[in-house]
Amino acid sequence: MSDNDPDRPDVGSGSTATALREDVPVAAPRPKEGSPVWTGVLVALGAVTVIGILVVVASLAGLWTPEFDWPSWLVSSVTAVEKFGLMFFAIILFVVVMSLILLAVDRARGVRNWMVALAFLAPMGLMLVFGLIYPGLRTMRESFFDRTSTNYVGFDNYATLFTEDIFQTVLRNTAIWVFIVPIVATLIGLVYAVLVDRTRFEALAKGLIFLPMAISMVGASIIWKFVYEYRPDQEGVEQIGLANQLLVWAGREPYQFLITSPLNTFFLIVVMIWIQSGFAMTVLSAAIKAIPDDIVEAARIDGVSGLGMFRYVTVPSIRPALVVVLTTISITTLKVFDIVRTMTGGNFNTSVVANEFYTQSFRQFNVGLGAALAVVLFVLVIPIVVYNVRQLRLSEDVR
Amino acid sequence: MTTTTPPPPPAPTAGPKKLSRAEQRAAEAKTKLSSPWASGLAIAIAILWTVPTFGLLLSSFRPEAEIKSNGWWTIWRNPGFTLDSYDEVLYGGSTQFSTFFINSIVITLPAVIIPITLALLAAYAFAWIEFPYRDLLFVAVFALQIVPIQVTLIPLLSEYVKWGFAGSFWTVWLSHSIFALPLAIFLLHNFMKDIPASLIEAARVDGAGHVKIFFLVLLPLLVPAIAAFGIFQFLWVWNDLLVALTFAGGTPNVAPLTVRVAELAGSRGTEWHLLAAGAAISIVVPLIVFLSLQRYFVRGLLAGGVKG
């Protein structure tokens, strides 16, 4: 490339910029002259990408099976040094590749707008096709096949889901979760946001409720499992779980919160509400603060106060934000997995769709049924997301 | 924590002086729900939201025998303070939490850096480069937020197995990056669109190309947005269980803290001294990050977003 290049010595960070300032007319922002070296790099990058795509497509289509013997330091790191080494290697590799792409696009000859766009979008586009679109389509296909994805079974998997008893329980539990969690969490978040609004301890009070958002659902599950811990009601045995101690103090028998069906589902739901209320409170609090002062003032002059203010001024003013919070929590709740997995493992009639998906796919190795559960989840999420997006647009003024 | 307003101390002395805006607001609050019931309710919620965590954290410092025989609220009767549980969890023979702690860090850093970088580039292209089908493509990427990650797990896993790097960090990094992209692109695009077009026009007139504009004009202005999404993604990856369980669950060399803690809860559900210390360790890093950068996180939340 560089042999027939008279400008070779000029290649450097300064050359393009100088060229730009001197002879490019104002209206045409792209450089007309670029470095042939970087043009070569750009062409090479494009070629590598195309070859890579072809290889992956061939593998996905089953035309070719990749058989790579990766060096062991690349795929299995045991000691801390190896792990951090691999991590820095990955980050540096990523930075180098991205810099190459950017420099090539910036410095190469005759780069058009669409080429820049392509270079900027290609990495994420390829990843999304490989990691979301293709797997999604394949899962839909697998949901019509048997447990090993070999024989076509039509709608049998879906029929199983909607007729067998254990899946009836799963669907019923999911319905309970999606009905209760958004409403209660939003209600608590809203009431709390109104209660602490403009008080002296507002920042602290909000921080306390918000903290569970930072804790993993696994961590939250352990915290609540400890609250629910049960000790048999015997002489000399003290309760170590707070909930049962409260029962004992109230003169009641200790209770197996996580085992006694059907109420145990509700005690799992408490954990999710505990986590999500902080989110609701934050978003709604911001919406409340955005209510124009003159509206509040006008209502006050009209003699509205207390509950009336809440009912007739606050709630209607933040309606769009309320809907966004409700739908967002609904979506999160539909996909709830960690809490059920950690607290009961889906036993004692507490399983939900997302957890059952995991059980069927990775414990029972029934790929077809697992895929059908994933598709059901997908179908349930779609209408809420669509509604949410429309509300997001509406509420953009509020926030 | 209560709705009772602070008694206005300057009121008697500086009677004629106009109240500051904050004081005015505080006075207004009085006309809202300022009954003792309201204050009581607020305090009750605050306590209910704090006590469970407090109980577990306190228990993690109690001797094993005490944790198992009496509640943490009896600590004044059964005093005792020890770091034994932490010692056992972190360095004890069978569990070795330090390994999982390192795994969590090694998983999280690239899984935050990579998607943010890619999303920044994509968001720039969607916001400031003209090319055919731009809006259509953006809507398509945005719509991908709908896809629950459950739908993708099994085909992705079988693909990783085929390529021979299943059970390595690469699968977790790649998966987390992919799953983060739609939301990241959407959020960062929104932030980028907020930057005045005149600024970019001016840079163009000065002869700056897209790469220069991206690095010199936009990036400095986007630091808060990047911080917001960075914290979002950090918490999400650090706290994730499903992705880790699927792609790294079987290999202790890769599995992060959440997987280990969940496993402990299942297999040794009565070993409360281990569970309490383990949960505390897994909580502490996100808590520090969250508390120190809370402002940005709230901003990210308010920008709206649904994570798949």
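Is the crossing of α14(B) and α15(B) left-handed or right-handed? In this predicted model, where local features need pLDDT of at least 70, side-chain atom pairs count only at pLDDT 80 or more, and totals for chains, interfaces and linings use all residues, the crossing is left-handed; the term applies if the near helix is turned anticlockwise from the far one by less than a right angle, and right-handed if clockwise. Residues are numbered from 1 along each chain as its sequence is written, while chains are lettered from A and ligands numbered from 1 in the order in which they are written.

The two helices of chain B are α14 (residues 257–267) and α15 (residues 272–292), and their axes come within 10 Å and cross at roughly 160 degrees. Axes here are lines fitted to C-alpha atoms, for helices over the stretch in contact, with angles running from 0 to 180 degrees between N-to-C directions. The angle therefore makes α14(B) roughly antiparallel to α15(B) (a label for angles over 145 degrees). On the α14(B) side, the contact is made by Leu257(B), Thr258(B), Val261(B), Leu264(B) and Ala265(B); α15(B) supplies Leu274(B), Leu275(B), Gly278(B), Ala279(B), Ile281(B) and Ser282(B). Contact requires C-beta atoms, placed from the backbone, within 7 Å. By class, eight of these residues are nonpolar, three are polar and none is charged (Ala, Val, Leu, Ile, Met, Phe, Trp, Tyr, Cys and Pro count as nonpolar, Asp, Glu, Lys and Arg as charged, the others as polar).

Turning to chain A, there are 17 helices and zero strands, taken as DSSP runs (helices H or I, at least four residues; strands E, at least two). Its domain 1 spans 8–142 and its domain 2 spans 162–395, with bounds from an automatic or database domain assignment. The centres of these domains, taken over C-alpha atoms, are separated by 42 Å. Of the 399 residues in chain A, 43% are buried, that is, with 20 or more other C-beta atoms within 10 Å of their own.

Between the chains, 115 residues of chain A are in contact with 99 residues of chain B. Helix α5(A) gives the largest share of the chain A side, 17 residues. That side divides into 77 nonpolar, 23 polar and 15 charged residues.

Ala117(A) lies in helix α5 (residues 113–142) of chain A. This residue counts as buried because it has 24 C-beta neighbours inside 10 Å. Leaving aside neighbours within four places in sequence, Ala117(A) is in contact with Ala125(B), Ile129(B) and Phe131(B).

Technical notes
Parallel < 35°, antiparallel > 145°, perpendicular 65-115°, else oblique. Contact = placed C-beta atoms within 7 Å. Buried ≥ 20, exposed ≤ 12 C-beta atoms within 10 Å, placed from the backbone.
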